[in-house]
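Me: I have a model open and want to go through its inside. Can we take it piece by piece?

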Amino acid sequence: MTILQLLTALMPVAAVFILLVLFRFPAVRAMPVSLLVVALSAVFIWKVPLIRAAAASLEGIMIAVSILWIVFGAVLLLNTLKNSGALGVIRTGFSGITSDRRVQLIIIAWLFGSFIEGAAGFGTPAAIAAPLLLTLGFPALAAVSLALIADSSAVSFGAVGTPLIVGVDQGLRQGEAVAEPVQQALGSQTLTQFVYEVAQSAVLMDLFIGSFIPLVLVLILTKLFGENRSLREGFQIWKFALFAGVSFTLPALLVVHLLGPEFPSIIGGLVGLAVVVPAAKKGFLLPDEPWDFGKREEDEAVEEISANAVTMPLYKAWVPYIVVAVLLVLTRVNVLPLKGWLTSISVTWEDILGTGITTSFQPFYLPGTIFAAAVLFTIFYHRMRKQEVLETLKTSAHTMVGSAVALGTAVPMVRIFINSGVNDAGLASMPMELAEIVSASVGEAWPLAAPVIGALGSFISGSATFSNMMFSLFQFSVADQIQVAPQQVTALQVLGSNAGNMVCILNVVAAASVVNLVGEEGTIIRLTMIPMLLYVAMAGMLGMAAVYLF
């Protein structure tokens, strides 16, 4: 590979980082420029046929439509609850649990977010948790950044285990059959059994990483958004934060061993809520003085929400969110017929422009449809007036303009990057060439680097599932070459893809849209980058210990 080709492979990462993070361009400007640069580099330097680059772009537009539907549904639900007065009631209700912002953050972003991740995945947790935090009076930047950081450990088992039972499983196949090197290494063991072992290894290592995420959240909250900019104020509840951490990770560990990879995040989130909420009410492991923000401009938005509050029982205000949670679970469980019915209707574009690239999505199965159903329910249940409904639709549609431009160009860029394996330069796809370079440079220290590859996959593709599909076979092959347990290295791929979820551009753009922070994507990535690197580093060190010491 030439230097120019290496720069081309790095371009999707470099362009996003330079334009969004360093130059602080808003995504609506940075992503169209990034798409143009990547497309031209792919065609003229990587020698990807122009027709294939065009097909990959069209594939990306279809995927972007499905993501925009999820974002619009989340925005619409938020504005519906705001205009019905429910958000003001919810905000008041949280004061009945605790007025401590640190604890509110843990309950909503970490535990409730983990439950939503287990049920739906695909960026849904941040789209729900961020506006809830905003409602409670959190600064918008804190709400979206911390919601993204919290949506990490649960990602391994998101969308009823999809990153593992689809991502890793399909990533270790070539066509319908198990890849030949994988089959040789597995021997009599089935691929399903191997995936279960990967899940067990991942959750065991994450017991020592994920359990600290709530503490990381409160430290960032008090240091960056508190009036005193103090880490000490975050450490004041370190015992409670660790208690909340293991309240999710320990049940998840048990569920993986007892039931498999489908339900750890769902059950872990529910168990965590059942344990932590009563503990918070009683002040268990909490200091006497609750922590709050100083007076800020954002308080005006909270006062506006409170002004819209109506006389409504707390349970009635929460019912729309309960409807969302119940519908997400019911439509994702394989034993019920709902999933089959909803996925049977598909929008498909096969063999785009004759290139063999095919894409599809199931509109009724997307979380956006669940949000829309909850909105319709809320309109009647909360007896909203016609003018309130029209104002909700108008505000929500206006919010989506910037998101449509950003996602409509970001996703095509990603798909050109991923589909670059067909070219006239005799090269593998760009992500695979980058992984090969890292592998050759690292050698037997590969367990340190394996999570980095997983994080890179999520950052670019926007999905832990896609990251696992792209790199699981590569991770398995490297493990075989350096003669270490492949399930351990593949588990590190899974953990890395979790970490990359914090910074992936598609999630950041989507979550920013929900809290009206379009244009601040670079700032969000700068805030989530350090926790992501910390997660990756901890996973790498645990991986080295697991592979070479035990």
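Reply: Fine. Keep in mind that this is a predicted model.

Me: Which residues touch the most other members in the largest nonpolar core?

Reply: Leu-20, Ile-107, Phe-240 and Trp-446 do, in a core of 186 residues.

Me: Which helix gives the largest share of this core?

Reply: Helix H3, residues 50-84, with 16 residues.

Me: Back to Phe-240. What does Phe-240 touch, not counting residues up to four places away in sequence?

Reply: Phe-240 touches Val-103, Ile-106 and Val-276, and also Ala-280, Phe-284, Leu-285 and Leu-286.

Me: New topic, holes. How many cavities of 30 Å³ or more are there?

Reply: Two cavities reach that size.

Me: What lines the largest cavity?

Reply: The lining consists of Ser-153, Ser-156, Phe-157, Ala-202, Val-203, Asp-206, Leu-207, Phe-248, Thr-249, Ala-252 and Leu-495. Helix H10 (191-206) and helix H13 (238-259) are the elements that each give two or more residues to that lining.

Me: How does the lining of the largest cavity split by class?

Reply: Seven residues are nonpolar, three are polar and one is charged.

Me: And which residues line the second largest cavity?

Reply: Ala-74, Leu-77, Leu-78, Ala-127, Ile-128, Pro-131, Tyr-321 and Phe-371 line the second largest cavity. The elements giving two or more residues there are H3 and helix H6 (124-135).

Me: Why does Ala-279 count as buried?

Reply: Because its relative accessibility is 10%, and buried means under 20%.

Me: What is Ala-279 in contact with, leaving aside neighbours within four places in sequence?

Reply: Ala-279 is in contact with Phe-243 and Phe-284. Phe-284 also turned up in the list for Phe-240.

Me: How far apart are Ala-279 and Val-16?

Reply: C-alpha to C-alpha, Ala-279 and Val-16 are 42 Å apart in space. In sequence they are 263 residues apart.

Me: Okay, that covers my list.

Conventions
Residues are numbered from 1 along each chain as its sequence is written. This is a predicted model: local features need pLDDT of at least 70, side-chain atom pairs count only at pLDDT 80 or more; totals for chains, interfaces and linings use all residues. Side-chain values use heavy atoms; hydrogens and water are left out. A nonpolar core is a set of buried Ala, Val, Leu, Ile, Met, Phe, Trp, Tyr and Cys residues joined through side-chain atoms within 4.5 Å. Buried means under 20% relative accessible area, exposed over 50%, partly exposed in between (1.4 Å probe, protein chains only). Helices (H or I, at least four residues) and strands (E, at least two) are DSSP runs, numbered from the N terminus. Contact means heavy atoms within 4.5 Å. On a 1 Å grid over the protein atoms alone, a cavity is a set of points where a 1.4 Å probe fits but cannot get out, and a pocket is an open set with protein on both sides within 12 Å along at least five of seven lines; lining residues have an atom within 4 Å of a point. Grid points are joined across faces, edges and corners, and a volume is the space filled by probe spheres set on the points. Ala, Val, Leu, Ile, Met, Phe, Trp, Tyr, Cys and Pro count as nonpolar, Asp, Glu, Lys and Arg as charged, and the others, Gly among them, as polar.
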